[in-house]
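Reader: I'd like to learn how to read a model like this one, feature by feature. Can you walk me through it?

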Amino acid sequence: MEEKKEESKNKNVKKANLLDHNSIKHILDESVSDIVTSRGYKEDVRLSNLKLFLGAIIIVVALVAQFYNKKFPENRDYLIGCIALYPFLLIRFIVLLQLILYTKEKNAILFTYPPEGSFTSTGLVVSSKLPRFSDEYTLTIDSADPKSISAGKSVQLTKSVTQWFTKDGLLVEGLFWKDVEALIKDYAKEEPKKKR
């Protein structure tokens, strides 16, 4: 019975390779996503779905060319058309995907809808940075629509990852949870109205 309790505890533990900054960033980003969604923000996956749809179009063109009903000499013109269409679409979609990454996603790890029952009409864009050869993790929360009236000011947290990991590479989730929740509360905090 005690073994089962220890196994369930070990499953929830998040461990990173401290020599690999990608592993550290992945665990922190995953935890941030869990924390934000637990606060009532639902993930907005429209942009991810758009990218998947664009990739599916390319795959459909390749599959149609591969499994067309006729044998080679009869489908020669059809295959030439598919072969000509494939790089044309591929280049266009790659450029479009890079444009989406450059203009919309940037360093974003999570897009959200506004929480249900809130007065804001905009969700969050949560982004993070962990530069190579640095221990400074930067977490930023912005409005999904910065031009909206209900958009809050951007808030940022920069801290050393050594604050959140043990020497064995285990994430101390309680400390990290507190810092991220404080950042979310700071973003949601209304500015005091100025008296005239």
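Reader: How much of the chain counts as buried?

Author: Buried means under 20% relative accessible area, exposed means over 50%, and partly exposed lies in between, with a 1.4 Å probe and protein chains only. Of the 196 residues here, 32% count as buried. Keep in mind that this is a predicted model, where local features need pLDDT of at least 70, side-chain atom pairs count only at pLDDT 80 or more, and totals for chains, interfaces and linings use all residues. Residues are numbered from 1 along each chain as its sequence is written, and side-chain values use heavy atoms, with hydrogens and water left out.

Reader: What pattern does the chain follow along the sequence?

Author: Helices (H or I, at least four residues) and strands (E, at least two) are DSSP runs, numbered from the N terminus. This chain has five helices and four strands, and the pattern reads α-α-α-α-β-β-β-β-α.

Reader: Which residues touch the most other members of the largest nonpolar core?

Author: In soluble globular proteins, nonpolar side chains tend to be buried together. A nonpolar core here is a set of buried Ala, Val, Leu, Ile, Met, Phe, Trp, Tyr and Cys residues joined through side-chain atoms within 4.5 Å. The largest one has 26 residues, and Leu28, Tyr137, Phe165 and Phe176 touch the most other members. Two or more residues each come from helix H2 (21–38), strands E2 (124–129), E3 (136–143) and E4 (155–160), and helix H5 (173–188). H2 gives the most, with six residues.

Reader: What is Phe165 in contact with, leaving aside neighbours within four places in sequence?

Author: Contact means heavy atoms within 4.5 Å. With those neighbours set aside, the partners of Phe165 are Ala16, Leu18, Ile24, Ile27, Leu28, Leu170 and Leu171.

Reader: And Val32: buried or exposed?

Author: Val32 sits in helix H2 and counts as buried because its relative accessibility is 1%. Beyond four places in sequence, Val32 contacts Ile109, Val126, Tyr137, Leu139, Phe176 and Val180. Take Leu139: Val32 is 107 residues from Leu139 in sequence, yet their C-alpha atoms are 8.9 Å apart. For the chain overall, among contacts between residues at least 6 apart in sequence, 56% join residues at least 24 apart.

Reader: Why does Ser31 count as buried?

Author: Ser31, also found in H2, has 3% relative accessibility, so it counts as buried. Not counting residues up to four places away, Ser31 touches Lys14, Leu171 and Phe176.

Reader: How do H3 and H4 pack?

Author: Two packed helices are described by the angle between their axes and the distance between the axes. Axes are lines fitted to C-alpha atoms, for helices over the stretch in contact, and angles run from 0 to 180 degrees between N-to-C directions. H3 (residues 46–66) and H4 pack at about 170 degrees, with axes 9 Å apart.

Reader: Which residues does the "transmembrane region" annotation cover?

Author: The unreviewed UniProt entry assigns it to residues 49–66 and 78–102; such annotations may be inferred rather than shown by experiment. Residues 49–66 are 100% helix, with end C-alpha atoms 25 Å apart. Residues 78–102 are also 100% helix, and there the end C-alpha atoms are 36 Å apart.
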